[in-house]
Amino acid sequence: MVSWVRGKCVGNGAFGVVNVAISKRDNRVFAVKSVDCGRGLSGHQVEALENEIGILKRVASPHVVAYLGDDVTCEGTASFRNLHLEYMPGGTVADLDRADVDERLVRRYAWCLATALRDVHAQGFVHCDVKGRNVLLSGDGEIVKLADFGTAVEIESSPAMLLFPRGSPMWMAPEVVRRERQGPESDVWSLGCTVIEIAIGKPAWEDRGVDTLSRIGYSDELPEFPIQLSELGKDFLEKCLRREPSERWSCDQLLQHPYLLP
């Protein structure tokens, strides 16, 4: 017997569907990410959801959306694999109204994300898809948490050569585009791109398909730093967006950068 009630849909994409849910036992509100196991294209989605469940069970961080459980439900003629998650009612930072974003908020969100990634990396994982759509807001908009670990991998099992780079192209690090490596340093590059996205309200790179991927992977270019950021903010981005992975700062180092200090 299902111990919760599925509510309104709050997200729908290639990953499956996210609904608000309410516990029958204590009326607690949470989020449920579901994949319809009977759909023809669900195999990859189920695999990604199982990957996310396995990783979130092992990752603990105050700035990663919390795992609350998982189950399988039969609803009508459909069978769903479900992941229960902490509900973040503020939506994603990709949907923020730019009028509400000042540098104080950019710094705060950057600190939350650097903290989340420090914890994820310390526990042996690479997120592989850090971007605005995977950063969720609290109801008051003061806190963000990293979500969507469907493409995440263990650092030890991450192959040196990547036949299939993981993540979203406009946020990928140069070495990922070149299929050389995908490690914690690649997440730091994506963090830099996400901070730019938070500041300007659109991706750091303009999407021109193969041309943009070529620029990311094989040129000396960097995305343009937002003019509204302070010199300290631009210096923080410079530490994230170094084209040579070994020269990028780790999240431990970034959390000591003056831009993120109180």
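Which residues make the nonpolar surface patch of about 230 Å²? Val5, Ile22 and Val29 make this patch. A patch takes residues with over 30% relative accessible area and no salt bridge, with like charges joined within 9 Å and nonpolar side chains (Val, Leu, Ile, Met, Phe, Trp, Tyr) within 5 Å. A salt bridge here is a side-chain nitrogen of Lys or Arg within 4 Å of a carboxyl oxygen of Asp or Glu. Areas come from the Shrake-Rupley method with a 1.4 Å probe, and for residues only the protein chains shown count as cover.

Some background. This is a predicted model, where local features need pLDDT of at least 70 and side-chain atom pairs count only at pLDDT 80 or more, while totals for chains, interfaces and linings use all residues. Residues are numbered from 1 along each chain as its sequence is written, and side-chain values use heavy atoms, leaving out hydrogens and water.

Next, helix 5, residues 210-218. Its buried residues are Thr212, Ile216 and Gly217. Buried means under 20% relative accessible area, exposed over 50%, and partly exposed in between. Helices are DSSP runs of H or I, at least four residues, numbered from the N terminus. The buried residues of helix 5 pack against helix 3 (174-177), contact being heavy atoms within 4.5 Å.

Last, Val144. Among the residues that Val144 touches are His63, Val93 and Tyr109, not counting residues up to four places away in sequence.

Definitions and conventions: Buried < 20%, exposed > 50% of the residue type's maximum accessible area, 1.4 Å probe, protein only. Helix = DSSP H or I, 4+ residues; strand = E, 2+ residues; numbered from the N terminus.
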